[in-house]
Amino acid sequence: MPPTIPLQPPTVTIRPASERKDNEELLTIGFFAEVYLIDYVIRKIPRSQSEEDLQPILRKALIYDTCGNRPQIAEWLSRRISDYIEIKYYPYGDLYQQILEALIFIHSHGVTHSDLALRQFFIDDNFDLRLGDFDSSQCPGYVALGYEKASHCLPRDYALPSTEASDIFALGSALYELVTDVAPYSEIYGPKSYNPDVIEARRQRRDAVDYEIETRYKNWQFSG
């Protein structure tokens with residue numbers, strides 16, 4: 001079945017907090033979207049009407065539509081709605097041992113995740129794993145909108161399309177996270193903190209650290 005999501009960007013209005021319902025809990029504000037928990041539903045709304053913010057939402061919908069309702073994929077609840085994305089809330093958090101099956105499944109549909117990491121997996125009510133968060137993903141006819149963080153990224157020509165090989169490399173880093181509870185080379189970034197000065201210092205060092213990690217991977221130097 002061909003995708004049913006319109007490719008023209010919708011008109012989106014971000015509501016101020018005073019206009020939100022009592023059952024809407026703001027979880028996070030990302031680069032492109034605001035994420036809310038509404039009862040047992042996760043809703044992701046573009047931060048603005050810009051093409052940059054709208055395209056990841058449309059890409060998510062396209063990938064969910066391509067994969068369909070399958071046990072390996074987070075349940076998509078907002079079919080035929082183009083203003084936002086809703087998926088089922090999985091309260092048991094990140095990961096289990098069905099990661100490989102989920103990756104094989106999306107690859108069988110011509111989809112490369114392009115940002116695979118432990119945080120992209122969820123456990124449903126039956127403690128089965130679901131893969132989600134397809135903002136950057138690539139599928140037939142649509143190039144990737146981004147790529148993995150340095151700790152999960154296969155060094156390559158980033159102007160070229162993502163591949164199954166780049167997803168599999170990221171899978172290795174995700175499994176490393178599962179075993180060690182930290183991402184590869186996370187210590188290079190320095191300690192995490194909620195202190196604004198520490199956060200800013202980490203941000204300023206990020207490009208240099210990303211380059212250092214990429215160089216180590218190119219030289220076949222792997223964490224652990």
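Trainee: Which residues make the nonpolar surface patch of about 280 Å²?
Mentor: That patch is made by Leu175, Leu178 and Val179, where a patch takes residues with over 30% relative accessible area and no salt bridge, with nonpolar side chains (Val, Leu, Ile, Met, Phe, Trp, Tyr) joined within 5 Å. A salt bridge here is a side-chain nitrogen of Lys or Arg within 4 Å of a carboxyl oxygen of Asp or Glu, and areas come from the Shrake-Rupley method with a 1.4 Å probe. This is a predicted model, in which local features need pLDDT of at least 70 and side-chain atom pairs count only at pLDDT 80 or more, while totals for chains, interfaces and linings use all residues. Residues are numbered from 1 along each chain as its sequence is written, and side-chain values use heavy atoms, leaving out hydrogens and water.

Trainee: Is valine 179 buried or exposed?
Mentor: Valine 179 is exposed, because its relative accessible area is 71% and exposed means over 50%, with buried under 20% and partly exposed in between (1.4 Å probe, protein chains only).

Trainee: OK, the inside now: which residues touch the most other members of the largest nonpolar core?
Mentor: Tyr64, Ile73, Ile106 and Leu131 do, out of 32 residues in that core, which is a set of buried Ala, Val, Leu, Ile, Met, Phe, Trp, Tyr and Cys residues joined through side-chain atoms within 4.5 Å.

Trainee: And what does isoleucine 73 touch?
Mentor: Leaving aside residues up to four places away in sequence, isoleucine 73 touches Tyr64, Cys67, Phe105, Ile106, Arg130, Leu131 and Phe134, with contact meaning heavy atoms within 4.5 Å.

Trainee: How much of the protein chain is buried?
Mentor: Buried residues make up 42% of its 224 residues.

Conventions:
Patches are made of residues with over 30% relative accessible area and no salt bridge: like charges are joined within 9 Å, nonpolar side chains (Val, Leu, Ile, Met, Phe, Trp, Tyr) within 5 Å.
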